[in-house]
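Please look through the sequence and the structure shown here.

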Amino acid sequence: MLHDNKKGLHIHQSTSINDELLKQYDFYILGGVLCPLCRADKNEKHITRACEYIRGLQPHKKIYIQQPYYLLDNSEQFLNLINQLRSSRLIDGAIINSPGILKYLKQDGLEIVFSRFTIRKRKRTNQYLHDMIKGHNVKAFECFAKDKDLVKDIKSFEGIDLWLREEPETFYAFSANCLTQRYLEGCTGNPEECISGTYMLKNAKQNINFTLSGHFMFAKDMPKVQEDSGDFSSIIYNASGFEL
Amino acid sequence: MPIEIISCIANKTWADDVFNAGADAIYCGLVNTSWHKSDIELSWADLEQVAQTAHKLRKKLYLAINRDLSTEDVDGIINYIDLFENGTFDGIILSDWGCIEAIRRKSTKVHIHLSANTGCVNEWDLKLAQEMKVQRIIVSPSLEFDWIREIVKRYKGFEWEAITYGMRCFNEVAHCPCQTKCDDGIVESVCCHRLELYKNDKPTGIERAFGHALLNGDVAKKFYELGINHWKLEGRAKGLPHILKGTKILRDIANKIEG
């Protein structure tokens, strides 16, 4: 287990990338890659340009691609993109949530991190899952710092680093890209009028965690990772969602 | 292709009523292994009793363990694996790949259903499920019809299942355009808004929250025509009347389709 206390930055597709931001972090994770629920216009060209831009500004720092949670019928496209970015040396690793993909990823020169994502966000894990994936260049598991049992589970795995995730500073940005807006006609764009928006606002004050099955997480009041949280390899901070 | 209606119970005393309402199978959770509170999950002893009730009526019982598990949790399940091998339980619904791996190390006979809670099912996970001899795929409500049609066509050999979260009135948790809240929170018939779902074969935020709109007969028929003939009703936390009503509606729809 590394004790190097590195700081990673999760860059969602809506974040402005600039050198001032990048300088503060040791490595980067590009999220929302080909995610059908995020910007539909984020195609391979855009992702490649983002990687080239970051490489240009911070050539010695690592870049990881996050497998989108809602990876469905564009799974072939995602695999091809990863392989292409890997062979162009534009990425150093991938954060993966499907155990199935590990057999199909060409892993030379690619570090694999196993994602915290399951449909309800992973709360526990077990040695059997670790046995399934350990032969595939998996170097770390990530999880939220507040999931103490999961942190314990991951620490019990030999040879696996622990990446702690901070809760997102704001997922409220998702309201602009809400599922309703994407899929239902007649939405005014006003969260108080749309179905998903009403759901979110109704429960926002209760600070309830939801899954991504039509619900969103309000994390403004969630506890932040303390840098003295114990043994971990990296803390990953989420860039606030704001427009490009 | 006969339709299997899978309903749910939160208590062993529900089983007879749910089967009488038209369920072909029931599923329930095991205490301490699901996302729900323990008071709607059953112990191993209760499960065995319910299994006896089911099999007397020539019906089935599936055990749902659909959360991520610790090593100890998995080892606890493996201790009861002979109850699956000898047919006491007809199948197990799992979302934890590690648990599937552990079961398959011990037995190829256990009938495994891959829960929609494994996340959105992509090609690699389907290939992995084939290799691990998973028998049934429970299709995520987030998938579009075109993709569901594609994976059912490409991945032969699986049984396919769709889920609906039952009869909850949308106005309990969201803002239905019809503005009409059902009196007891349980719809009498299919809510008007559900008729608008899947307009362009794309799941909306509502489907993502409430599952496939199987309670709409037209939508149910579409799923049947895709090759999905196992239909599950969720919502045991809402109580027995809710489950009985939903089971009867699904049974009526199935009877009409099967002629």
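Just after helix α11 of chain B, B:Gly259 has a positive phi of about 75 degrees. Helices (H or I, at least four residues) and strands (E, at least two) are DSSP runs, numbered from the N terminus. This is a predicted model, in which local features need pLDDT of at least 70 and side-chain atom pairs count only at pLDDT 80 or more, while totals for chains, interfaces and linings use all residues. Residues are numbered from 1 along each chain as its sequence is written, chains are lettered from A and ligands numbered from 1 in the order in which they are written, and side-chain values use heavy atoms, with hydrogens and water left out.

Among the buried residues of α11(B) are B:Leu244, B:Leu250, B:Arg251 and B:Ile253; buried means under 20% relative accessible area, exposed over 50%, and partly exposed in between (1.4 Å probe, protein chains only). The buried residues of this helix pack against β1, α1, β7, α10 and β8 of chain B.

The largest nonpolar core has 131 residues, and those with the most contacts inside it are A:Ile65, B:Trp160 and B:Trp231. Such a core is a set of buried Ala, Val, Leu, Ile, Met, Phe, Trp, Tyr and Cys residues joined through side-chain atoms within 4.5 Å. Helix α11 of chain B gives the largest share of this core, seven residues. With contact meaning heavy atoms within 4.5 Å, B:Trp231 touches residues including B:Ile3, B:Leu250, B:Ile253 and B:Ile257.

Helix α10 of chain B also meets helix α7 of that chain: their axes come within 10 Å and cross at roughly 30 degrees. Axes are lines fitted to C-alpha atoms, for helices over the stretch in contact, and angles run from 0 to 180 degrees between N-to-C directions. Angles under 35 degrees count as roughly parallel, over 145 as roughly antiparallel, 65 to 115 as roughly perpendicular and the rest as oblique; α7(B) and α10(B) are therefore roughly parallel to each other. Residues making the contact include B:Phe145 and B:Ile148 of α7(B) and B:Phe223 of α10(B).

Elsewhere, B:Leu128 lies in helix α6 of chain B. Its relative accessibility is 10%, so B:Leu128 counts as buried. B:Leu128 touches A:Pro99, A:Gly100, A:Met132 and B:Trp97, leaving aside residues up to four places away in sequence.
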